[in-house]
Structures are given as C-alpha cells and as structure tokens.
Amino acid sequence: MQTLSYWEALNHALDAEMASDEAVIVLGEDVGLYGGTYRVTEGLYAKYGERRVLDTPISEGSFTGLAVGAAMTGLRPVVEIMTINFALLALDALINMAAKIPFMSGGQFTMPLTVRMPGGVAHQLGAQHSQRLEHTLMNVAGLRIVVPATPQDAYWQLRQAIRADDCVIVLEHEVLNFDKGPVDEAASAPPPHRAVVRRPGRDLTLISYSRMANQALAAAGQLAAEGIEAEVIDLRSLSPIDWDTCAASVRKTGHLLIAEEDSRFAGAGAELAAGLTERCFRSLRAAPLRVAALDLPNAYNKRLEEHTIPQPADIVAAAHALVRDDAEEIVA
C-alpha cells in the first residue's frame, strides 16, 4: 500500500499498461516532453519513446479521429484531451465514429479507445474552462463513462478502461488531481461500473460522483452530528449506472438525495431521479431531491464561482428538507 496523489495514480496506471502491452499508445497536446498539463504522462516519453507517446498539434478533432482509426487497427490508444472543454471539438470523432463503428460494422471492429478528460469547476477558470459535459456524453449509446473520485479508483478504472474493447471516457476532476490517498496496486479491482457505499446510513440515500462524492461525505459527517445518518453512494460510473446498489439503498432509507456539480436541467441527476423513482416508487417516503449547479455559465469571480456549484452546506440543507418532507422549499 502506498499513498499517491490522484495524478500519480493515473500515471502509474498508464505506466503499468504501457509496460504490459505494446499496443498501448498515448497521444495528445503536451503529453510527451512536457508530461501533460496535470503531470499524468510525466516520464512516459523518456521511458517509451516518441512512437508510443505522441505530442499532437492543437487539433482535438484530428487526433481523436486518428486514435479511432488506430483502435480499429488493433492498437489501444489513450487520448488526453487537455481539458474537457476542448472535447467539444472532438465530439464528431467520439459520437459519430468511436461510439458507432462497432455497431455499424456488425461487430467486426471493436473500439479499444480510452479518452481522458480532466474537467469540472476548478479554480477561477471562467465560463469556457469550467464545464461539465457528462450530460452530453451520457446520452450517446456506445460510450462508457467512468468518474473516479479517489486515487485508488483513478488507478483501477484507468487500467480497466485501457483493457476494455469499448470506448471508455475517463472524466477526471481537475481539483482532485493533487488529492492524496492510499493506492494498492496489487489489490483486485471491482467492476468499473460498480457503485460503492462510502458511508452506511439509515435515514436517506445520498448519491453523488467524482469530486462531489467527497462533498457528499463532508455533508454526511455534519448530518451525523445532528443524528441524521446519510448513506453515501459514490457512483464511480455514469454509463452504465449501477442501479442495483442505488435501488437497494433507496429501498432501505426511503429518501433519495442526489448531489452533482453539473447543472440540474437534463443532467445526470435527472436520470438518476427518474430511474430510481421507476424502480423504487413504492419505497419512497418523499419525492427525490437534487442538489446541482445553477443553470448558468460559471463566473470567474471566486465568490460567485463557489455560489454556482453545490457546497456541503447546500447538501445538508437539502437533506434537512428531505427528511422533513418539505423539499418544495428547496426546489423552488
């Protein structure tokens, strides 16, 4: 067992997969000599050379399309999109090519492509560099999406993504990159789509993912001091979703609260609320409640930026309303 930062865990995962399989290549802007914007590819260029660690021009659509073609020929490319905001330029390659070619070819081509996308609201990066695009990607059949919240999951899920024969999007939160935690590289990994209960509870089910899973745990700690026990579930995957783990918890607690950093409208929380209502309607003692970002572009100003996304205090307030069954005050 060792303690690694989130970016170090990703780096170790890449190194391990490149060492074990020569078909694994890495490409993206500044991934070579510079070592990646968040140091995730640090040292790989020196170790594996320019044929396997490729610095590309600033052209996300082109190099993601190149990676799709490489995956069709038997390589296992790992694309680094410098920030998820630039992925908007690569959506044609992802949605029209990577997601559909295995289906359109009748299964003749697999798509062993991994696309890493650091994103989320970091620190004062403004409206064009603070986006969350899970709502866009979740709606595309053929893409799998993992959202690691801990260094251990970052290590496990990136390795699993590289070994998969499907296109896997790894959504990394930029704020998590320098968080540290235990990483056991020898431990057996759970399935990449499996949700985990980070904290058991009896009074409400609190579902979240990525950085917001840590905010949910902080909120659950405050609630516990008041005698409200929230069961915190870290989804770990947005496509597919582990409905069984989520539904079992909701049937136990009878209350569902979802916390996400993305905007409320048509986001992951909406899918979770609908899906779990369909599955657990008779167990629910109140309508599900969501805590989400405001439906606004993120402000640059630090105080305004913090106000646009949920904080632990917002989750605590929503939990109070949910267990009191007066959630309409929060929704309004």
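In the predicted model, E22 is placed in the loop that joins α1 (6-20) to β2 (24-28); helices (H or I, at least four residues) and strands (E, at least two) are DSSP runs numbered from the N terminus. E22 counts as exposed because its relative accessibility is 69%, where exposed means over 50% relative accessible area, buried under 20% and partly exposed in between (1.4 Å probe, protein chains only). Between E22 and R163 the C-alpha to C-alpha distance is 12 Å, with 141 residues separating them in sequence. Residues are numbered from 1 along each chain as its sequence is written, and side-chain values use heavy atoms, without hydrogens and water. As the model is predicted, local features need pLDDT of at least 70 and side-chain atom pairs count only at pLDDT 80 or more, whereas totals for chains, interfaces and linings use all residues.

Two further loop residues are buried. Y38 lies in the loop between β2 and α2 (44-48) and counts as buried because its relative accessibility is 19%. Residues up to four places away in sequence aside, Y38 touches W7, M82, P118, E174 and N177, contact being defined as heavy atoms within 4.5 Å. The C-alpha atoms of Y38 and E8 are 9.5 Å apart, and the two residues are 30 residues apart along the chain. A90, in the loop between β4 (76-80) and α4 (91-98), is buried, with a relative accessible area of 0%. Beyond its neighbours within four places in sequence, A90 is in contact with E60, G61, T64 and I81. A90 and F63, 27 residues apart along the chain, have C-alpha atoms separated by 8.5 Å.

The chain is divided into domain 1 (2-183) and domain 2 (196-324), with bounds taken from an automatic or database domain assignment. Taken over C-alpha atoms, the centres of the two domains are 27 Å apart. Their contact takes 28 residues from domain 1 and 27 residues from domain 2. An unreviewed UniProt entry annotates residues 4-178 as "domain: Transketolase-like pyrimidine-binding"; UniProt positions are given in the numbering used here, feature names are shortened, and annotations may be inferred rather than shown by experiment. The span 4-178 is 36% helix and 18% strand, and its end C-alpha atoms lie 9 Å apart.

The structure holds 1 cavity of 30 Å³ or more. A cavity is a set of points, on a 1 Å grid over the protein atoms alone, where a 1.4 Å probe fits but cannot get out, and lining residues have an atom within 4 Å of a point. Grid points are joined across faces, edges and corners, and the volume is the space filled by probe spheres set on the points. The largest cavity contains about 140 Å³ of space. Its lining comprises 15 residues, with G120, R132, E134, H173 and S210 nearest the centre. Two or more lining residues come from each of β5 (114-119), β7 (167-173) and α8 (211-225), and β7 gives the most, with 3 residues. At least three lining residues are drawn from each of domain 1 and domain 2. By class, 6 lining residues are nonpolar, 4 polar and 5 charged; Ala, Val, Leu, Ile, Met, Phe, Trp, Tyr, Cys and Pro count as nonpolar, Asp, Glu, Lys and Arg as charged, and the others, Gly among them, as polar.

Most residues other than glycine have a negative phi, and most peptide bonds are trans. S210, one of the residues nearest the cavity centre, is not a glycine but has a positive phi of about 55°. S210 lies in the loop between β10 and α8 and counts as buried because its relative accessibility is 8%. A266, also not a glycine, has a positive phi near 60°. A266 is located in the loop between β13 and α10 and, at 52% relative accessibility, counts as exposed. The peptide bond from S239 to P240 is cis, with omega near 5°, and P240 lies in the loop between β12 (237-239) and α9.

Helix α9 spans residues 243-253, in which W243, T245, C246, A247, S249, V250 and T253 are buried. These buried residues pack against β9 (196-199), β10 (204-208), β11 (230-234), β13 (256-263) and α10 (268-280). G254 follows α9 and has a positive phi, near 80°.

Notes: On a 1 Å grid over the protein atoms alone, a cavity is a set of points where a 1.4 Å probe fits but cannot get out, and a pocket is an open set with protein on both sides within 12 Å along at least five of seven lines; lining residues have an atom within 4 Å of a point.
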